[in-house]
Amino acid sequence: MTQQLAIIVLVDVGNALASRTLDDNVYLFDNMKLHGSEGEGTGDLVTVLNGSYWNDGSQGTELVLNWLPYSLGSIPPTVPRGYQVQRARQSDQQALRELAELGSAPAGTGAGSAAELSRIRRNVGTPVSSTLRAGGPAGRKVLDVTGQIVTDAGASVHSVPAPIITDIVGEAVDQKIMYPAEYGSPDLVTDGWYWSATVDSSRPGTYSYTMDIQIHDLVERDGAWVWQPVNLSCESRIKVTSGPKRNGFTKAGMGPLPVAPVTFPL
């Protein structure tokens, strides 16, 4: 059976944008710590993969890696995928209700009406154009990490989009140890796209690979706010071991599992 392994790529987007590098701004985790992975929670992760092969040295079973990128300083990925669009619509609907109330106010309140109109305009929020694959320029606004509408993007702390892995290259790919590709799925967390790779488990050794990662900076351009892509990269490693495959019941090698005799009353 194919073994599925996960690698979390956690990016400190704010510091990465400030320094324009992922060095010391990325934290990697996997689910193989108990099997010997090293550097958990740092940018120097070595993911251990338990190799499996037949007596003739051929691959016994393939391993599958799945990369999941997340960002510090953003809305949690557990909220619905359309959350930002819903919040934008809610702010627009609230503004329309307040405008209707303002329009039905008694005559002779001009000064108060002007101040109220200015307040409504501010509370509508900051629309933002997007080059993200998951959404276009319509229906997007800047939010903070609590999901509240940002009224002044230039002065407020805002939530950033999740980083996007755009390619996986390097030694492990060049030597055909792993075969990465981007896949589409109904996964609500990754906007329907994720990177995965099959690994040749019959070739022990430590191999490096590089992830090309795209993050986004909120900038003002021609009087409008846009998410500007910034392309950076970081390196990690995999370590394929030569130990025999063991089962999770007895920790022994492959073979019959001990089964206690069962007796049934007559």
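Is W67 buried or exposed, going by its relative accessibility? At 1% relative accessibility, W67 counts as buried. For the terms: buried means under 20% relative accessible area, exposed means over 50%, and partly exposed lies in between, with a 1.4 Å probe and protein chains only.

Some notes on the model before I go on. It is a predicted model, where local features need pLDDT of at least 70, side-chain atom pairs count only at pLDDT 80 or more, and totals for chains, interfaces and linings use all residues. Residues are numbered from 1 along each chain as its sequence is written, and side-chain values use heavy atoms, with hydrogens and water left out.

Back to W67. Its ring and that of Y209 have centres 5.6 Å apart and planes at 70 degrees, so the pair is edge-to-face. The rule is that rings of Phe, Tyr and Trp (its six-membered ring) pair if their centres lie within 6.5 Å; planes under 30 degrees apart are stacked, over 60 edge-to-face, and the rest tilted. W67 sits in strand 4 and Y209 in strand 9 (residues 205-221), 142 residues apart, so this pair links distant parts of the chain. Y209 is also buried, at 0% relative accessibility. The rule gives a count of 2 aromatic pairs.

Helices (H or I, at least four residues) and strands (E, at least two) are DSSP runs, numbered from the N terminus. Two strands pair if DSSP finds at least two bridges between them. Strand 4 (residues 63-72) runs antiparallel to strand 8 (residues 193-199), joined by 5 bridges, and N66 stands opposite S196 there. Both strands belong to an open sheet of 5 strands, in the order 2-1-4-8-7, with mixed pairing. Strand 2 (26-30) and strand 7 (178-184) are at the edges with a single partner strand each, so one side of each has no neighbour in the sheet.

Of its 17 residues, 12 are buried, so strand 9 is largely enclosed by the rest of the structure. Strand 6 (residues 164-169) pairs with strand 9 in the antiparallel sense over 5 bridges, where I168 has M211 as its bridge partner.

What about charges? Side chains of opposite charge can pair when their charged atoms come close. A salt bridge is a side-chain nitrogen of Lys or Arg within 4 Å of a carboxyl oxygen of Asp or Glu, and the count is 2 salt bridges. One of them joins D217 and R20 (3.6 Å, N to O). D217 is in strand 9 and R20 in the loop between helix 1 (13-19) and strand 2, so the pair ties together parts 197 residues apart in sequence. D217 is buried at 19% relative accessible area, while R20 is partly exposed at 39%. D44 and R237 also meet in a salt bridge (2.8 Å, N to O). D44 is partly exposed at 47%, and R237 is partly exposed at 28%.

Last, helix 2 (residues 83-103). Its buried residues are R87, A88, S91, A95 and E98. The face turned away from that buried side carries the exposed residues R89, L96, E101 and G103.
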